[in-house]
Amino acid sequence: MSANEYFFSLMVVNLFSAVIALVIIWYGYITSHNHFLWFNIITSYITNTNLQHFINQQLPYLVQTTGLVYLQFVAPATGLSVAVAIFRSLFYKTFGNFYVDFLNSILLLAAAVFIITVLYDFFGVTFGFPFSYSQGIKDAPLSIYNAITLLGNNGGSYITQGIAAGALMPNSITAFLDIIVLNLLPFSLIFLISIITKNIKLSISVFLVVLIFYFAFNLIILENLYPLFNKSMPAALGGYGSLSLFYSSIATNTGAAVFMFKLLSPIQLAVFIILMLGDALPGSVGTGFISLILIIIITIFFTALMSGRMPKLFGYKLEHKEIEYAVLGYIFHFAIVLTAIPIAIFALRAFNFSPGYGFTKLFWEIVSASVNNGSDFYGATGNINSLNILTGILMLLGRYVPIYFMIKISDSLASKEISFTETDLRIDSVYFSLSLVFFIFLLVIISILPLLALGPLSIG
Amino acid sequence: MELGDYLQILKNSITRLSPVYLKKNPVLLLTEISFVITIIYVFYMKEITPFNLSIALLIFATVWFGAFADSYSEHQAKLTATSLLNVTSNLSVRKITSESSEVYVPPDVVSAGDIILVKENEIIPLDGIIVEGAAAIDESLVTGESLPVIKYVNDEVISGSKVVSDWIKVKVTKTLKESYVYRIAGMIEKTKRPKGESEKQLDALIYGITFLLSLVVFSLGVTIRLLGYSLSLPILLGFYVCLLPTTIGALEEAIGISGLARLWKIKVISKSGKAIEAAGDIDVVLLDKTGTITLGRREPVKIIPLNSYTEEDVAKALFLSSIQDDTQEGKAILRYLQSKNYVPSEIDQAIMSSYEEFSAKTRKSGIYYKGLRLPGKEIYKEMRLIRKSDFYGAYLNEKMPIFKGAPDVMRTIFHAPPDFDEKLEKIAREGGTPLAVAVGDEIIGLLELKDVLKEGVKEQIEALKSMGIEPYMVTGDHPITAQIIASEVGIKKVISQAKPEDKYKKVLEEQSKGKTIAMVGDGTNDAPALARANVGLAMYTGTEVAKEAANMIDLESDPSKIIDVIKLGKQLLITRGSLATFSIANDVSKYFVVLPALLSFLSVARILNILHLPLHVAVISALIYNAIIIPMLIPLAIKGISFKPKSPRRIYLENILIYGLGGVILPFIVIKLIGILLMIF
């Protein structure tokens, strides 16, 4: 398949899946006939976002266990396919066939979900068969639902309270398992580069970037830990455990809720917003990798020029076309966030967006939708037509546009020759990792500091 | 530069403020638009406060400094370009005046139809037709054929070819002004500089960031208004201008044009700015041995007597054979022998003897030592017996050949002693070129000649390698000879016994591997390779075809200049990258300086204001910093960031620390200082 065909097939499969989900929702009748909510739910699940502008318990059993589960498979399978196709085009110069990739991804996810479900079951998460159409929690297939929610970095947990709800997290072993499952695919993809290129240093340097952010952010978060100890935290986790799980949930763009957002201190809120917009640390399955490549290209451009060379990625010469795509793809999330905020304020005048909490909630919501994170302050209170439409559009744009740019970049790179020179600036090195951190930080800061000032930094 | 120049720059910088001109520089255009909006707002809303006016003034200053940087660098480049044309006229031409006397004139005043005289060992400066005389002409640059051709009256001669013997008078058919180099050099001032690849990439980035920052400011402004707070438009626009990458936006053009001007300064002209950028990114460079690595002349290093002859015998015979030799090599041999005190007493007779010149066909030269008959075998043997006492004197009346020449030719004419081959091989192994010396009918010894390395060539090769560039040595020499020279200067890869086509093949081969390649050439044969290579540097003394094919021409015809060109290319890229990083890194500070003024209604303003400057002072200080950093960096943009050849990694680390981290920290310090100064006055 050509790059365009690949992207087209991807869109067709996603659209088709959305239609299936729509039919199921239609058939299952949501309690209210809110079409904007349907739109929001479907876009939210198909884009791997899982903003939940509804209360799970009010959603028909059938919709949750069939339609939403189906979409929770489709979204990560799409991301995984894209990531693999990009690797394939960069290192083997062919995109492959989306349908094959997609089916393989589904099978892979299914196999992994099976194993994880068994583990969850073993450690006490229940698996109730949906014989009856009741809405009780006990007889729901919680373990399998939790497995695909976390493994696929979806984050739309079965229970509105989030993944730390008692039924989903009976003990701390399951919490630990949660962290592993969340990080499994994003980190696997990072190490897939090394398996293909047979260069372990490449993955280690990327891993290093993730670690640097992990430690830097956790230092800041820990510094602000004190309010958490005083508040009610999930019993199985405690203060730091909750924060750790939440960090993984945000960093992998899963966005599953662990505790009440109000428990976070202003600095913690700011850090998590930066983390969401940084988007690549390690990011969601498939798309996190895309953002990472985009910012790597931008960083390579700077490092190459400053060392007196022209930029190269994996031995490919980068030309202005690829730089353009990378810049557009990378700033795209910032651009839609910055555009959407005034629109949202204008459209939702009934809300209180005063600097501080009010603004932070909106800011978080917009960022979360744009980068397909899915964590949100609003929950069911966000079920307002204009917000449903706005976040729906943001989710779609934030999902498919960067994928498109990335496919175009790897397509135009794949048509070139590969050449390595001994003294090429290597991206598998510590100083490149540090540069990457520098440029990610620089771009995030210059894009959102004013909004952070209006939001979390004004709390208190 | 004189006062007139400065006035001109000033004038240009003002005309460049026109939005039509700024269209191609969106960053400065947006700055100018901000200025216009500020002014309109201030006067329309009647908020004519000193603070608002100074914001407007400083925004204007930013645009103007940008326009100034532009016109300043362009003017400097123009001055350099004008001086280039003088270089092309520096070669003087012997023109025959109507009174048939010779005058030396610069080539640019020679017009078509003029007659010029070209003597032995001179390069024909202009195309024309021979009107008088006949000469052997080396057209190897044009045809690739190394044997000189004899040309007579009415034959055409091409500039760049060399008269090997005799002289000719040529009627000029094509003047210098019609020549390619002159056309290019003349065009430099007028043509627009097309954007290079790295410039386009940087543009993509600058435009992206500009778009993003415009959204940041727009979004912030609208949000503040929507939330019902008051907003000072001048501060918002001041904030916007501070954030815009004005530094790199203003200096980008200056960096590009000064990069070209630096190239012109070393007397290299290029058809487009693209080539110099490409030069910075070269992976492989083909270096011609002759002219780049060696001086192109051989110096004697050792005399090797054969059979039972002594060194002195050989030396004296060599001296006599060379005494009438006018070639470079002949003179070098005499110098060498004199320095070793081997001056025979028979010089006078030798000068009187008949001389056989070196020719490409015979490849030997020497004298028939004054005498009447050729020494026969018998007499020759006798000579050998008494040679110790009075070698030449004994044969005063004999006509004896004393010759030197290429060993392979010499051995077919003269008798070679048994150790001849063995000694010959030894010389070849050491990388020397042998010359056989014969007296009578016997080869009596060998002279080892070696290529003279250019001064500093070893360091230059080392510099290339440290920058990660792979040098190839290209030579027509025998592989062993070539290898030895190459290893002497530290080159690993050698293309020996190379024909001009080999360069082309190599260029294609490296490019198919995705590498970029630079090469030097001067002959018509080199033209395909010059045209194909990413950087092709032609010599001014080369043929028109070569010059047209190449993307750069060295007016001083020094092949080793390719190395300087590569360095300049790297410097250009580094300057561009570092200043861009600096410009964007500067933005961090602006958030902590200007944003508090914008959000003064919030408590967060106090947290952000880490410099503890009064809000209005902070805004003005930031704008002052933002404006004056442009003229402060003009010298850096024009001269380029100083750069010593070392590994790209080291270069990068230094620059990211200075311009990346420095770019974050410096504005905090400078803005604070400006703020303190403002508060004092």
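Author: Helix α14(A) is mostly covered, with 21 of its 30 residues buried, where buried means under 20% relative accessible area, exposed over 50% and partly exposed in between, with a 1.4 Å probe and protein chains only. This is a predicted model, in which local features need pLDDT of at least 70 and side-chain atom pairs count only at pLDDT 80 or more, while totals for chains, interfaces and linings use all residues. Residues are numbered from 1 along each chain as its sequence is written, chains are lettered from A and ligands numbered from 1 in the order in which they are written, and side-chain values use heavy atoms, leaving out hydrogens and water.

Reader: How do you know that the span of helix α14 of chain A agrees with its 30 residues?

Author: Helices are DSSP runs of H or I with at least four residues, strands are runs of E with at least two, and both are numbered from the N terminus. The expected span is 1.5 Å times one less than the number of residues, so residues 385-414 of chain A should span 44 Å, and the end C-alpha atoms are 43 Å apart, which agrees.

Reader: What makes a polar contact of the pair Ser194(A) and Asn199(A)?

Author: A polar contact is a pair of N or O atoms within 3.5 Å; within protein, one must be able to donate a hydrogen and the other to accept it, and residues adjacent in sequence count only if both atoms are side-chain atoms. A polar atom of the Ser194(A) side chain lies 2.8 Å from the backbone oxygen of Asn199(A), and one lies 3.5 Å from the backbone oxygen of Ile200(A).

Reader: What makes the link between Asp281(B) and Lys317(A) a salt bridge?

Author: The term asks for a side-chain nitrogen of Lys or Arg within 4 Å of a carboxyl oxygen of Asp or Glu, and in this pair the closest N and O atoms are 3.6 Å apart. The count between chain A and chain B is three salt bridges.

Reader: How many residues does each chain bring to the contact?

Author: With contact meaning heavy atoms within 4.5 Å, chain A brings 55 residues and chain B brings 64 residues.
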